[in-house]
Amino acid sequence: MLFRILHDERRSELSYLLADVEAREAVVVDPHGPDLPVLQALLAERGLRLRWVLRTHHHDGLHPLEFSSLGQLEAPVIQGEARPGAHTVSHGELLPFGNEFLRVLATPGHTPDCISFIWRDRVFCGGLLSVDACPHQPQPAQPEALWDSVTQRIFTLPDETLLFAGHERHSRAVTTVHEQRRWHPFFAATSRDTYLARVTALQDSASIAPTPRAFNA
């Protein structure tokens, strides 16, 4: 297997390339415009066919050309939000590539249509755990749904499950379920009501928001 992390330092965004080298099939998670030349070079170097372009979430309103640029990858685009040129998937659906597969988790909250992808011992969860740290959206779109997604879909996974974010913070791309369940600044050791009160405070006044961080560090 091939697993590569691509880091756009200018926008602090992370993309992930997974490939079954023997079967010569690959998927890419959360690619962005600046990644495309590197991705295309990696695919060509290994002789890989791109099976899926997977988007955990997007901010196409801020980057209106991003979606159309993904057509250069010549693979079906999978995302939570229905739109022409994209395919939507259901919770629990399997996406095969080579002899591998990813499983879809419906994890709305950061944006209304966020989805995450499980592969082996890791989850690609985009901006799900950012809460106040996403540079494009500093507050969750649906706080109640976000609480349910994190506590019922992510924190119920095994402690050692690796969580890969869509945005790096303090040079970190990965954490674990155990770490976030114990120390996440919004979700650990707190109640739903307390969490919702903190998110309301974020919405009411950015000046009283906690120091932004994608993961507890």
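Is cysteine 114 buried or exposed, and at what relative accessibility? Cysteine 114 counts as buried, because its relative accessibility is 5%. Here, buried means under 20% relative accessible area, exposed means over 50%, and partly exposed lies in between (1.4 Å probe, protein chains only).

This is a predicted model: local features need pLDDT of at least 70, side-chain atom pairs count only at pLDDT 80 or more, and totals for chains, interfaces and linings use all residues. Residues are numbered from 1 along each chain as its sequence is written, and side-chain values use heavy atoms, with hydrogens and water left out.

**Cysteines**

Cysteine 125 also counts as buried, at 4% relative accessibility. Its sulfur lies 9.7 Å from the closest cysteine sulfur, that of cysteine 114, which is too far for a bond. A disulfide is a pair of cysteine sulfur atoms within 2.5 Å. A search of the whole structure finds zero disulfides.

**The strands around S3**

Helices (H or I, at least four residues) and strands (E, at least two) are DSSP runs, numbered from the N terminus. Strand S3 covers residues 25–29. Five of its five residues are buried, so S3 is largely enclosed by the rest of the structure. In a regular strand, side chains alternate between the two faces of the sheet. In S3, Glu25, Val27 and Val29 are buried on one side, and Ala26 and Val28 are buried on the other.

S3 has pairing partners. Two strands pair if DSSP finds at least two bridges between them. Strand S2 (residues 13–20) runs antiparallel to S3, joined by five bridges. S2 and S3 form a hairpin with four residues between them. In that turn, arginine 24 has a positive phi of about 60°. Strand S4 (residues 49–54) pairs with S3 in the parallel sense, over five bridges. Here valine 28 has valine 53 in S4 as its bridge partner.

A nonpolar core is a set of buried Ala, Val, Leu, Ile, Met, Phe, Trp, Tyr and Cys residues joined through side-chain atoms within 4.5 Å. The largest one has 21 residues. Among those with the most contacts inside it are Val123, Leu146, Val150 and Tyr195. Strand S10 (122–126), helix H3 (143–154) and helix H5 (192–204) each give two or more residues to this core.

Contact means heavy atoms within 4.5 Å. Leaving out residues up to four places away in sequence, valine 150 touches Leu128, Leu129, Phe155 and Phe187.

The table sets out the two helices. The expected span is 1.5 Å times one less than the number of residues.

| Helix | Residues | First to last C-alpha | Expected span |
|---|---|---|---|
| H3 | twelve residues | 15 Å | 16 Å |
| H5 | 13 residues | 18 Å | 18 Å |

The buried residues of H3 are Pro143, Leu146, Trp147, Ser149, Val150 and Ile154. They fall within an arc of 165° seen down the axis, so they line one face of H3. The arc is that of the directions from the helix axis to the C-beta atoms.

In H5, Tyr195, Leu196, Val199 and Leu202 are buried. They cover an arc of only 110°, which puts them on the same side of H5. The face turned away from that buried side carries the exposed residues Asp193 and Asp204. H3 is included in what covers the buried residues of H5.

Glutamate 144 sits in helix H3. At 41% relative accessibility, glutamate 144 counts as partly exposed. Glutamate 144 touches Arg192 and Leu196, not counting residues up to four places away in sequence.
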